[in-house]
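Here is a short briefing on one protein chain. Look at the sequence and the 3D view first, then work through the points below.

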Amino acid sequence: MHIVLQLIPKKYLIGGALILLGLSGLLVMSTIVAITGEFEKDSQQSEVTEIEGGGIGVGTANVSPEVMKYQPLLEKYAQKHGLDASYVPIMMALMMQESGGRGNDPMQSSESFCGSVGCISSPELSVDKGVLHFKSVLEKAHYDLKLCLQSYNFGGGFINYVMKNGGKYTPELAISFSQLQYQKVKHTGNYHCVRPEMVPYQACYGDSKYVDAVLKYYTGTITADGKPAAPASGGSGGKSGVKVIDAGKTLIGKTRYVFGGGRSQSDINAGRFDCSSFVRWAFEQVGMNVGPMSGVTTDTLKTQGQAINPKDMKPGDVVFFDTYKIDGHVGIYVGNNQFLGCQGKTGVAIASMAKGTYFGERFNGRVKRF
């Protein structure tokens with residue numbers, strides 16, 4: 001081989017090496033482009049799914065901060081298990097009833113996962129298996145959401161019982177099932193009525209009023225197909241939206257941005273707001289309560305109201321932006337690619353969200369109508 005190489009002129013050797021190097025570079029570049037294209041395609045598909053699917057939070061979960069912190073995980077595993085995102089607020093309400101967001105098994109999903117209490121010691125695993133179990137029960141209940149919730153407490157046997165007795169959840173069926181099951185297990189001494197009013201009925205198996213217990217943490221309606229829906233009202237779009245904008249405009253030029261501001265009356269009187277406290281204040285002026293003054297954040301606001309496709313935005317809808325974090329900034333859409341919000345350099349002001357602008361590049365497609 002050495003002799004052969006000596007017989008080949010050096011200029012041809014150099015040229016051949018350069019050609020090989022070029023071909024290798026093209027191969028590497030084409031591989032990178034292919035991989036990058038797949039990532040971009042996946043990213044675009046994810047964005048479209050979130051927007052077209054209605055986003056997160058149809059209806060409102062009225063829950064503690066401990067439960068609120070699990071919203072991102074509930075969203076993550078709803079997507080993983082193919083569960084419509086509109087069920088996230090209901091599952092937050094369920095978690096509130098189960099644990100208040102405390103402990104290592106906040107969704108109390110150990111029994112459904114491994115058949116015994118206490119086998120889950122990871123909150124994320126609890127959410128993963130809890131969402132999976134919720135979806136499974138929902139499907140078996142034929143999307144009768146109240147039947148799903150009661151079965152999350154009673155177990156799958158309640159679904160079979162209901163299907164043999166009319167096929168739809170009723171409070172009376174929950175009580176009668178509890179009575180029947182209690183007769184089978186009361187000799188063990190392990191079952192006691194969680195509700196004193198059930199003692200006369202001997203309905204001491206599980207919580208026969210579990211549906212009401214969960215739904216007290218949820219504001220919204222339930223549609224015929226079992227999906228949660230926003231409360232029936234005019235909403236913040238349209239005429240009501242114009243009123244919110246008019247109220248918010250009264251603070252233009254009279255405020256300054258303070259992170260964490262606007263959560264006390266003294267802050268409000270002094271004109272100290274951040275983005276989320278300003279939005280809460282504006283809606284309060286037109287008689288809409290979107291959360292407590294002291295606890296409002298962009299994360300609590302995004303659980304409120306009805307998700308809207310960005311193509312259908314109206315003045316008064318609430319828009320979110322990914323700034324220092326996902327959904328880090330929030331404002332009120334005023335039309336013509338503009339929104340009213342409390343920004344760092346301006347305080348309350350109208351800003352552009354057109355393509356190419358700072359907020360236009362950070363608008364994440366989340367739009368809520370309160």
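Start with serine 277, which has its place in helix H14 (residues 275-284). Keep in mind that this is a predicted model.

**Serine 277**
- Serine 277 is buried, because its relative accessible area is 1%, and buried means under 20%.
- Its side chain reaches the backbone oxygen of glycine 261 at 2.8 Å.
- Setting aside neighbours within four places in sequence, serine 277 is in contact with Gly261, Gly262, Arg263 and Val296.

**Salt bridges**
- How many salt bridges does a search of the whole structure find? The search finds 14.
- One of them joins the side chains of aspartate 128 and lysine 80, at 3.4 Å from N to O.
- Aspartate 128 sits in helix H7 (residues 123-140) and lysine 80 in helix H4 (residues 71-80), so this pair ties together parts that are 48 residues apart in sequence.
- Is aspartate 128 buried or exposed? Aspartate 128 counts as buried, because its relative accessibility is 8%.
- Lysine 80, in contrast, is exposed, with a relative accessible area of 55%.
- The side chains of arginine 272 and aspartate 267 also meet in a salt bridge, at 2.7 Å from N to O.
- In that pair, arginine 272 is partly exposed at 24% relative accessibility, whereas aspartate 267 is buried at 15%.

**A salt-bridge network**
- Arginine 366 forms a salt bridge with aspartate 327, and the closest N and O atoms are 3.1 Å apart.
- This pair links distant parts of the chain, 39 residues apart. Arginine 366 is in strand E12 (residues 363-369), while aspartate 327 is in the loop between strand E8 (318-321) and strand E9 (329-335).
- Both arginine 366 and aspartate 327 are buried.
- Which residues belong to one network of salt bridges that share partners? They are Asp299, Lys302, Lys325, Asp327 and Arg366.

**Disulfides**
- A disulfide is a covalent bond between the sulfur atoms of two cysteines.
- The count here is 2 disulfides.
- Cysteine 114 and cysteine 119 form a disulfide, with sulfur atoms 1.7 Å apart.
- The torsion about their S-S bond is about -110 degrees, so this disulfide is left-handed.
- Cysteine 114 is partly exposed at 36% relative accessible area, and cysteine 119 is partly exposed at 33%.
- Cysteine 193 and cysteine 204 form a disulfide with sulfur atoms 1.8 Å apart.
- The link of cysteine 193 and cysteine 204 is left-handed, with -70 degrees about the S-S bond.
- Cysteine 193 and cysteine 204 lie in the loop between helix H10 (171-185) and helix H11 (210-215), so the pair ties together parts that are 11 residues apart in sequence.
- Cysteine 204 is buried, with a relative accessible area of 5%.
- With the bonded cysteines numbered in sequence order, the pairing is 1-2, 3-4.

**Other cysteines**
- Cysteine 148 is buried, with a relative accessible area of 0%.
- Cysteine 275 is in no disulfide. The nearest cysteine sulfur belongs to cysteine 342 and is 7.6 Å away.
- Why is cysteine 275 not counted as bonded to cysteine 342? The sulfur of cysteine 342 is 7.6 Å away, and a disulfide needs sulfur atoms within 2.5 Å.
- Cysteine 275 is buried, at 5% relative accessible area.

**A strand pair**
- Strand E10 (residues 338-343) and strand E11 (residues 347-352) pair in the antiparallel sense, over 6 bridges.
- A hairpin of 3 residues joins E10 to E11.
- Cysteine 342 stands opposite valine 348 in E11.

How values were computed: Residues are numbered from 1 along each chain as its sequence is written. This is a predicted model: local features need pLDDT of at least 70, side-chain atom pairs count only at pLDDT 80 or more; totals for chains, interfaces and linings use all residues. Side-chain values use heavy atoms; hydrogens and water are left out. Two strands pair if DSSP finds at least two bridges between them. Helices (H or I, at least four residues) and strands (E, at least two) are DSSP runs, numbered from the N terminus. Buried means under 20% relative accessible area, exposed over 50%, partly exposed in between (1.4 Å probe, protein chains only). A polar contact is a pair of N or O atoms within 3.5 Å; within protein, one must be able to donate a hydrogen and the other to accept it, and residues adjacent in sequence count only if both atoms are side-chain atoms. Contact means heavy atoms within 4.5 Å. A salt bridge is a side-chain nitrogen of Lys or Arg within 4 Å of a carboxyl oxygen of Asp or Glu.
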